[in-house]
Amino acid sequence: MQLLLAEDERKTIDYLTKGLREDGHAVNAVGNGADALALALAGDFDAIILDVMLPGLDGWEVLKRLRTAGRATPVLFLTARDHVEDRVRGFDLGANDYLIKPFAFAELLARLRNLARLPKAAPGSSLVTVGDLEIDTLRHRVTRAGQGLQLTSKEYALLLLLARNQGRVLSRTLIAEAIWGLFHDQQSNAVDALMRRLRAKLDTPFDTALLHTIRGTGYVLDI
């Protein structure tokens, strides 16, 4: 993969660049938001690894400007922030995945492989659609078959995470990290409980299901 790495910690840049190149990837690394945006707009990358807390333009602003410019390159956020509101903000702006620091390098590689399998997204739109489901990320408005869905902040974050990764099976661990931050054992039950609440609003009132359970693996949103 041709990767853009935007990270302001020198040791992290060196560590990730070395590991990614050893795994066979081409890496362009920058240490601030302005350079990250310039390279992302000028280059043709398979994925962008974007730290949230960059000097100058932060990761959110870089992603916002990138999507506004119509670039749909998959983005994996790296962050130490563990508030659901922060992750909702990232998904609203067009992030595909979150990885909470500290993380295992093997998991970063796995996340990147999954991003490489995603279908190409339609650039420049605030509307995320999966079948008859529509998510307006500007207004935080969710409808299915024209009917409005009233979701909590965590339900909305979960739905947007799944929709941004349509057709990709997400593990409970990945979902727990994305919604709550650092994973711990009790979150496994929390993921299942949150999924049941979302399914009751998203699928139960309708004829066909969009949210599917893959036994022993996780969950996927797809038509």
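T137 counts as buried because its relative accessibility is 8%, where buried means under 20% relative accessible area, exposed over 50% and partly exposed in between, with a 1.4 Å probe and protein chains only. This threonine sits in the loop between β7 (133-136) and β8 (141-144); helices (H or I, at least four residues) and strands (E, at least two) are DSSP runs numbered from the N terminus. The side chain of T137 comes to 3.5 Å from the backbone oxygen of D92.

A word on the basis: the model is predicted, so local features need pLDDT of at least 70 and side-chain atom pairs pLDDT 80 or more, while totals for chains, interfaces and linings use all residues. Numbering starts from 1 along each chain as its sequence is written, and side-chain values use heavy atoms, leaving out hydrogens and water.

Two backbone features come next. Most residues other than glycine have a negative phi, and most peptide bonds are trans. A145 is not a glycine, yet has a positive phi of about 55°. You will find A145 in the loop between β8 and β9 (147-149), and its 53% relative accessibility is why A145 counts as exposed. The peptide bond from K101 to P102 is cis, with omega near -5°, and P102 belongs to the loop between β5 (97-100) and α5 (105-116).

Methods
Polar contact = N/O pair within 3.5 Å; in protein donor to acceptor, adjacent residues only side chain to side chain.
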